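Please look at the sequence and the model together before reading on. The paragraphs below go from the confidence of the prediction to the core, and then to single elements.

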Amino acid sequence: MAQYDFKLFQGLIVDDILDAAIQELDVMFGTEETELLGDYSYGVNFEQFLWTMSPSPSDVDQYLLMKIHAQTYFCNLLDVHVNTEVMQGTLRDIYVVKISIMGNNGNLKPLKNWMFK
């Protein structure tokens, strides 16, 4: 099995493409635009995008797919699907982003859920 150079902790190496894709998404979602020196478009600017523009779930899906295709390597090797739902919140709505990938058998496997409040 191939090993990818994504060291999480000393001595721990991510050696699965799915784990590397999850790591990529966590880093991308945790980075605001303009935070990465040299690449000011890297990251996802959710605060401005969600709360200033109040997008529809399909707009969020399109935005995230655009960001994933432009800013990741391992996710582009996989068949990634994004599905966003909006839950009614008390102060503001909650966006639940579900990312799934196509497995080798052709079935969608849930990858991870992210919630943005």
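What pLDDT does the chain average? The chain averages a pLDDT of 79, and 79% of the residues score at least 70; pLDDT is the predictor's confidence in each residue, from 0 to 100. This is a predicted model, in which local features need pLDDT of at least 70 and side-chain atom pairs count only at pLDDT 80 or more, while totals for chains, interfaces and linings use all residues. Residues are numbered from 1 along each chain as its sequence is written, and side-chain values use heavy atoms, with hydrogens and water left out.

Helices (H or I, at least four residues) and strands (E, at least two) are DSSP runs, numbered from the N terminus. Among these elements, helix H3 (residues 57-71) has the highest mean pLDDT, 92, whereas strand E1 (residues 7-9) has the lowest, 53.

In soluble globular proteins, nonpolar side chains tend to be buried together. A nonpolar core is a set of buried Ala, Val, Leu, Ile, Met, Phe, Trp, Tyr and Cys residues joined through side-chain atoms within 4.5 Å; buried means under 20% relative accessible area, exposed over 50%, and partly exposed in between (1.4 Å probe, protein chains only). The largest such core here has 25 residues, of which Leu25, Phe29, Leu50, Leu64, Ile68, Val97 and Ile99 touch the most other members. Two or more residues come from each of helix H1 (17-29), helix H2 (46-53), H3, strand E3 (80-87), strand E4 (94-102) and strand E5 (108-116). H1 gives the most, with five residues.

Helix H2 has buried residues Phe46, Phe49, Leu50 and Trp51. Because they cover an arc of only 160° around the axis (taken from the directions from the helix axis to the C-beta atoms), they lie on the same side of H2. Thr52 and Met53, on the other side of H2, are exposed.

Helix H3 contains Lys67, which counts as buried at 6% relative accessibility. The side chain of Lys67 makes a polar contact with the side chain of Glu33 at 2.5 Å; a polar contact is a pair of N or O atoms within 3.5 Å, and within protein one must be able to donate a hydrogen and the other to accept it, while residues adjacent in sequence count only if both atoms are side-chain atoms.

Strand E4 is largely enclosed by the rest of the structure, because seven of its nine residues are buried. E3 and E4 pair in the antiparallel sense over eight bridges; two strands pair if DSSP finds at least two bridges between them. A hairpin joins E3 to E4 through six residues.
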